Amino acid sequence: MHAASSARTAGDDVSTSEVSSTSVAETAPATAETDPSPATGTPDAGSAATATSDADGSDEATRRDSARQGAVDAAAIKKARSRAHTADFVRVVLFAFVVVAHSVNAINGGPDEVRAANLIGTLCHLTRYGFVAVTLYVLVLSTQGRDMSPMQFWRRRFGLVIWPYLAWTVIYTITDHVIIRDNPFPPMNELFPQLAHDLLVGEGKYQLYFLLISMQIYLFFPLISWIFERGRNHPWTLLSIGAVIQVAMFVVYQYLPRPSGQFWDVTYQHLWKTLPMYALFIAMGVLAAQHQQAVDKWLRDHMAAVFLVAVGAAAFTSAAYLLATSPGNVPWKANTAWNPASLPWYVAGFVLLWLIGLLWDDRRASGRPAAANVVAKATLRAFGVFAVHPLILDVLGRVGFLSGLFEWFPNSATLRSVILVVVVLTLSLLLVELLLRLPFSKYLTARPRIPLRRGRRTKDDGRKTDDQKTPAEAPVAAARN
């Protein structure tokens, strides 16, 4: 039931929204290099003395200019990093929710647990929409003030997500037949067409569809950026248009009858993986980046209201779900990721999570303990956990750990779920630690390789990893995902 439910809704997943990093060298303005013209004639002693004095003065001026430029660059880098810390915090929490949703779904398929488990899944559908908003937020911040053509942008971004997408689709095509019971390899004349289909529509595994959404964001980001830049002074109009498109997509999928005919059937099956299904959250991410200071100030000034609205939205969505279900009876429409009754929670829950991240960042910036190093390390490993955790669940199912939980804790679905979440997170992190140290790490974790010995340079890019760099050397976090 886990595989069937996940394949049907896939609503608690994420991606690497944008898996990239912009180095300090890329963001710092280039300093002009002077090439003085050779002097004509032979200077006399007085001229030589004057030239020496002028040279000393010029050198001193150059040093002062360099110092000033360095201070400006450092300030710009610090500002960019500060802006990205909140996004990193939110992204890590969303990744954790993905693991929670899939683990709870994997262990609670019986009639006595399915109603409560699917309620958790319904609330965790927030992750897919939240990741879209975070991706757009980070993309806008990382490209503001940079003159970059669409081709340059695509060349930088696409390779960082396409290769992990291809790699994990192939890996799961193999492991699903090797690990999952009663799922033998089909004949080769069926296996390769199925692999091609999975690559095209993002069905190599139930979480990989989001990488297709990420690629669409990259593909259309120049157009999105152009539209929102021209509408910068009309944020409420843009937000309203996004909301109308979002609600229309939800209504079409939740209430309207499915169209007839093979073409429309195929289109309906996969249209939810396209950007219109996320229009409101695209607008939220772009506008939050464009008006970052105003948005952050408003959230700080209205913390109580944000909290109360989020609690009310969660109660409303939960009540709608409970009214549409009964013990042992959960209609599939009650748990869809496009139920209009869930939209208030998606919006308010994400805003609340962003406010929590903002307050965490304020505490971190003030020098108080805020687990900043934990968040930084988790950010580096988050995409890897997203990619590998279904594999961990499959292995745990094959070795009997999932059935063992029912034997060890027969009367507590909550305890079984908590234990499974902890085990899956722990094993996923251990596997990611191994993958990060392989020569082809970037193809599996979307991150450069971490050398086995600290201080050594990576073979593929000749640079130290983020964990080994000083703050001045570290990549600007605003360009990460």
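Arg437 is partly exposed, with 26% relative accessible area (the class between buried, under 20%, and exposed, over 50%, using a 1.4 Å probe and protein chains only). Its salt-bridge partner is Glu433, and the two side chains meet at 2.8 Å, N to O; a salt bridge here is a side-chain nitrogen of Lys or Arg within 4 Å of a carboxyl oxygen of Asp or Glu. Glu433 is likewise partly exposed, at 22%. Elsewhere, salt bridges with shared partners join Asp176, Lys205 and Asp394 into one network.

The model is predicted, so local features need pLDDT of at least 70 and side-chain atom pairs count only at pLDDT 80 or more, while totals for chains, interfaces and linings use all residues. Residues are numbered from 1 along each chain as its sequence is written, and side-chain values use heavy atoms, with hydrogens and water left out.

Side chains of opposite charge can pair when their charged atoms come close. By the rule given above, the count comes to 12 salt bridges. One of them joins Arg300 to Asp362, again at 2.8 Å from N to O. This pair links distant parts of the chain, with Arg300 in helix α12 (residues 292-301) and Asp362 in helix α14, 62 residues apart; helices (H or I, at least four residues) are DSSP runs, as are strands (E, at least two), and are numbered from the N terminus. Arg300 has a relative accessibility of 34% and therefore counts as partly exposed, and Asp362, at 27%, is partly exposed too. A further salt bridge brings together Asp265 and Arg258, with an N to O distance of 2.8 Å. Asp265 is partly exposed at 31%, and Arg258 is partly exposed at 44%.

Helix α14 (residues 343-365) also packs with helix α11 (residues 279-290), at an angle of about 20° and with the axes 12 Å apart. Axes are lines fitted to C-alpha atoms, for helices over the stretch in contact, and angles run from 0 to 180 degrees between N-to-C directions.

Phe220 belongs to helix α8 (residues 209-230) and is partly exposed, at 39%.

Most residues other than glycine have a negative phi. Asp182, however, has a positive phi near 55°. Asp182 sits in the loop between α6 (150-179) and α7 (188-201), and with 79% relative accessibility it counts as exposed. Ala446 also has a positive phi, of about 60°, but is buried at 8% relative accessibility. Ala446 is placed in the segment after α18. Pro451 is also found in the segment after α18 (441-445), and is buried, with 7% relative accessible area. The C-alpha atoms of Pro451 and Pro439 are separated by 9.0 Å, the two residues being 12 apart along the chain.
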